[in-house]
Amino acid sequence: MDKALMDLGLDDNIRYYINRPRSFYIQRAIERDQGKLSKDGALIVETGKHTGRSAGDRYIVKSKTTEDSIWWENNLNPMTPENFEKLRQKVLKYFNSKPELYVTERCVGADEKHNINARTITTRPQHAVFTTHLFRDSLREFDNKKDFTILHAPGLLIRRDEFDTKSETCIVTCFDTNTTIIVGTFYAGEIKKSMFSVMNYRLPESNILPMHAGASKLKNNETSLFFGLSGTGKTTLSTDEGTYIIGDDEHGLSDEGVFNFEGGCYAKTYQLSKENEPEIWEATNRFGAMIENVTFEPKTGTIDFNDKELTENGRSSYPLTFIRDLEPSSRGQVPSHIFFLTADAFGVLPPVSKLTKEQAMFYFVLGYTAKLAGTEIGVKEPQATFSPCFGAPFMLRHPSVYAKLLGEYLDKHNINVWLVNTGWTGGSYGEGERFPLKITRQIIRQVQGNHLNQTETEKDPIFGLQIPLHIEGVENDMLWPQKTWKDQSAYAPVAKDLAASFHKQMENFGDFYQANIAGAPTFKS
């Protein structure tokens with residue numbers, strides 16, 4: 001038996017499947033009737049009632065290590081060390097009641113100086129598959145002082161009164177023991193986001209900016225970053241033809257450049273098509289990929305990506321090596337362009353605008369977007385939301401910590417920052433429509449080709465954003481939201497309400513708001 005597992009308190013009469021090939025775990029899932037193969041060979045699984053993240057069930061153990069460094073106001077629930085240890089013992093007892101466990105030893109971070117090993121112990125082979133996708137090959141031996149263990153017991157339901165939790169689901173991290181426990185949810189995304197949160201806590205101590213962002217590079221090595229929440233287009237836009245993907249979701253930024261945290265992608269599959277997203281389509285529809293929560297025809301194995309009966313948050317996970325145009329090092333140079341992606345549900349933000357330094361700082365901490373249907377439990381339609389740093393659910397420190405790192409980086413390097421609306425045009429949600437992907441792609445390509453650097457712009461009177469007057473391949477009127485509305489007189493009241501809400505939200509950040517007031521919307525109230 002592996003000594004590390006014995007040290008945890010696991011029995012030696014359990015059958016352990018440690019670091020087996022991905023194909024082994026896939027076969028095991030099928031044998032256990034926990035998954036089916038599609039006609040193209042992808043493993044199809046369901047995650048039960050949890051088809052998205054359980055945002056309210058996240059906990060951090062509150063101790064001397066974390067009491068002053070965690071941003072507790074960010075919907076982060078504290079757990080006592082005593083309750084954590086009781087929960088850990090309950091999970092170990094649960095593990096010891098199982099005939100077999102699946103163990104993978106991987107790492108997070110393509111930079112050898114800043115990566116963390118992640119040992120995952122789970123009861124389900126499908127989740128072992130997931131870790132072989134999203135975590136990377138380990139670059140060194142496991143270090144108990146630095147590296148993390150994930151105890152993953154998705155089928156274990158706990159009582160609220162037993163550990164003072166809000167529900168039978170719990171995702172809790174302890175930085176004193178370098179342990180994360182996940183119980184009561186089969187949604188695989190909780191595994192990857194738990195380690196993303198760990199990196200977000202650790203890296204600022206080394207002056208590295210952790211980012212909820214996709215990254216890609218051009219043939220000339222120029223690198224682009226795509227900040228944004230789930231559903232805003234990080235994966236789609238960082239996986240474009242003619243570019244080399246570095247990663248689609250989680251990265252670190254140092255003076256040496258960009259490095260990916262992950263070893264794979266976790267793409268949304270609702271309305272996935274070969275025509276619009278050929279790279280993601282090809283990576284999804286093949287043996288080795290795993291697809292969560294999609295409907296399919298059992299006899300033929302044909303998937304219906306346009307069916308949202310289970311959820312709009314269907315997901316495909318696959319290793320980066322499944323992508324044809326890949327940057328194999330998972331690293332890139334200092335970025336030339338940074339894109340802030342926002343799915344504006346009100347249809348009042350322009351498809352693209354170039355930001356000043358002050359505006360970049362303002363919109364980074366503002367983190368405005370729409371929370372899209374299915375990405376969290378209970379969200380049935382888009383809702384306006386603010387997520388500081390475009391990833392607040394995973395940022396364990398106060399936004400000012402990450403903003404300071406970004407500001408210092410922008411001062412050091414000549415980087416263009418752009419606000420890109422991938423949301424609605426022609427009116428608000430329900431009246432307008434999502435920006436066509438081909439339009440957004442054309443805008444990104446024109447920016448990456450440095451064709452907009454000298455393009456004439458005009459200042460929007462409500463938001464104070466500089467809007468290009470012309471972009472090749474895009475109708476001029478589409479660049480100005482008001483001109484796309486059927487009732488143009490209805491635009492200004494909606495836009496002013498949103499601008500005022502930006503000010504109101506940023507007032508929560510006091511001194512930071514005042515220091516960057518020049519980046520705020522022109523209209524306040």
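In this tour, Ala, Val, Leu, Ile, Met, Phe, Trp, Tyr, Cys and Pro count as nonpolar, Asp, Glu, Lys and Arg as charged, and the others, Gly among them, as polar. The model is predicted: local features need pLDDT of at least 70, side-chain atom pairs count only at pLDDT 80 or more, and totals for chains, interfaces and linings use all residues. Residues are numbered from 1 along each chain as its sequence is written, and side-chain values use heavy atoms, with hydrogens and water left out.

**The second largest cavity**

Select Thr342, Leu349, Tyr363, Gly367, Tyr368, Phe390 and Leu419, which line the second largest cavity. A cavity is a set of points on a 1 Å grid over the protein atoms alone where a 1.4 Å probe fits but cannot get out; lining residues have an atom within 4 Å of a point. The second largest cavity holds about 30 Å³ of space, a volume being the space filled by probe spheres set on the points, which are joined across faces, edges and corners. Its lining has five nonpolar, two polar and no charged residues.

**The largest cavity**

Of its 14 lining residues, Arg58, Ile171, Lys193, Ser194 and Ser197 are the closest to its centre. By class, the lining comprises seven nonpolar, three polar and four charged residues. Then select strand S4 (58–61), strand S10 (170–174) and helix H6 (189–202), each of which supplies at least two lining residues. Helices (H or I, at least four residues) and strands (E, at least two) are DSSP runs, numbered from the N terminus. H6 gives the most to this lining, with four residues.

Methods:
On a 1 Å grid over the protein atoms alone, a cavity is a set of points where a 1.4 Å probe fits but cannot get out, and a pocket is an open set with protein on both sides within 12 Å along at least five of seven lines; lining residues have an atom within 4 Å of a point.
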